[in-house]
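Subject: Handing over a structure

Dear colleague,

I am passing on the structure below, together with an account of what was found in it. Please read the notes that follow with the structure open beside them.

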Amino acid sequence: MKVDKSNSSFLSPFLCLTIILLALNPVVSIRFPDRIPEVPKDPSNQPLQTAVFALGCFWRSEAAFGCLNGVVRTSVGYAGGSKPNPEYRSLGDHAECVQVEYDPEVIGFRQLLEVFWSNHDSRQVFGQGPDVGNQYRSIIFTSGTEESRLAAVSKEREQSKSKSSIVTTQIQQLEAFHPAEPEHQKFELKRNPFLLQLMGNLPEEELERSTLAAKLNGYAAELCPSRIQKQIDAKINDIIKRGWPILREI
């Protein structure tokens with residue numbers, strides 16, 4: 001049975017922390033700026049590389065990659081099908097996927113594959129958990145022969161872990177990535193208005209391209225590594241104590 005994702009709710013640890021601190025210290029106040037533009041931090045002498053993966057619902061998929069060191073930008077969209085202009089309510093034969101822009105000097109395609117395998121059940125046919133359908137199938141999209149080789153080797157390794165069921169993941173050359181509608185970008189982060197305010201209420205186009213937003217999207221979904229979750233907790237705790245919400249970097 002397909003779950004209606006629009007009705008889900010979430011109370012994150014940082015929000016609980018905020019409530020506790022305000023209860024203990026009623027004089028705590030936080031000033032929220034209307035907007036603080038984020039300064040782009042793309043490396044000037046190192047071109048970014050792009051990887052695209054389909055591993056179930058793209059809301060969670062984007063969050064799974066956002067906290068990785070070396071990941072500069074994430075976005076969700078549709079790929080793997082033939083429909084010219086897919087939309088969320090009319091995907092055709094496309095799959096929900098996440099596009100990851102990363103600095104190859106810091107993280108490689110092999111490491112991204114490890115995150116891909118560890119964040120979904122590659123043996124479930126056309127679905128993930130309660131989300132069942134062709135749009136939730138498992139796919140590694142590749143660009144070039146080296147990525148195809150790495151994907152094939154990683155799939156063989158995953159299959160060798162158990163012979164009792166088949167790894168259903170497909171490996172496809174990426175033809176096109178179709179960005180999803182704005183409301184689906186950084187979905188986990190947008191469910192937490194307090195974090196958006198701490199960032200300075202970036203407009204939609206800046207939020208989609210923000211490195212900080214990618215990290216906080218993973219944090220909001222509690223998918224960051226423990227060390228990074230604690231690091232962000234500490235930053236937010238400090239902002240609450242000081243009463244000045246400038247969260248520009250992690």
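Serine 75 has its place in strand 2 (residues 71–79), where strands (E, at least two residues) and helices (H or I, at least four) are DSSP runs numbered from the N terminus. This is a predicted model, in which local features need pLDDT of at least 70 and side-chain atom pairs count only at pLDDT 80 or more, while totals for chains, interfaces and linings use all residues. Residues are numbered from 1 along each chain as its sequence is written, and side-chain values use heavy atoms, with hydrogens and water left out.

Serine 75 counts as buried because its relative accessible area is 16%, the cut-offs being under 20% for buried, over 50% for exposed and partly exposed in between, with a 1.4 Å probe and protein chains only. Not counting residues up to four places away in sequence, serine 75 touches Glu62, Cys97, Val98, Gln99, Phe177 and Gln185, contact meaning heavy atoms within 4.5 Å.

As for the chain as a whole, it holds nine helices and eight strands, and buried residues make up 48% of its 250 residues. Among contacts between residues at least 6 apart in sequence, 75% join residues at least 24 apart.

An open sheet of six strands has the order 7-6-1-3-2-8 with mixed pairing, two strands being paired if DSSP finds at least two bridges between them. Its edge strands, each of which pairs on one side only, are strand 7 (170–173) and strand 8 (178–179). Strand 1 and strand 3 (residues 95–102) run antiparallel and are joined by five bridges, and threonine 50 stands opposite glutamate 101 in strand 3.

Two helices lie across strands of this chain. Helix 3 lies across strand 1, strand 2, strand 3 and strand 6 (138–142), running at about 15° to strand 1; axes here are lines fitted to C-alpha atoms, for helices over the stretch in contact, and angles run from 0 to 180 degrees between N-to-C directions. Helix 4 (residues 145–160) lies across strand 1, strand 3, strand 6 and strand 7, at about 150° to strand 6.

A search of the whole structure finds seven aromatic pairs, meaning rings of Phe, Tyr and Trp (its six-membered ring) with centres within 6.5 Å, called stacked if the planes are under 30 degrees apart, edge-to-face if over 60 and tilted for the rest. One of them is the stacked pair of phenylalanine 53 and phenylalanine 109, 5.9 Å centre to centre with 20° between the planes. This pair links distant parts of the chain, since phenylalanine 53 is in strand 1 (residues 49–55) and phenylalanine 109 is in helix 3 (residues 109–118), 56 residues apart. Both phenylalanine 53 and phenylalanine 109 are buried, and ring pairs link Phe53, Phe65, Phe109, Phe116 and Trp117 into a cluster.

Finally, helix 8 (residues 211–220) and helix 9 (residues 226–242) pack at an angle of about 105°, with their axes 10 Å apart. Helix 8 is therefore roughly perpendicular to helix 9, a term for angles of 65 to 115 degrees, with under 35 counted as roughly parallel, over 145 as roughly antiparallel and the rest as oblique. In this contact, Leu216, Gly218 and Tyr219 of helix 8 meet Gln229, Ile232, Asp233 and Ile236 of helix 9. Glutamine 229 in helix 9 is buried, with a relative accessible area of 13%.

Best regards
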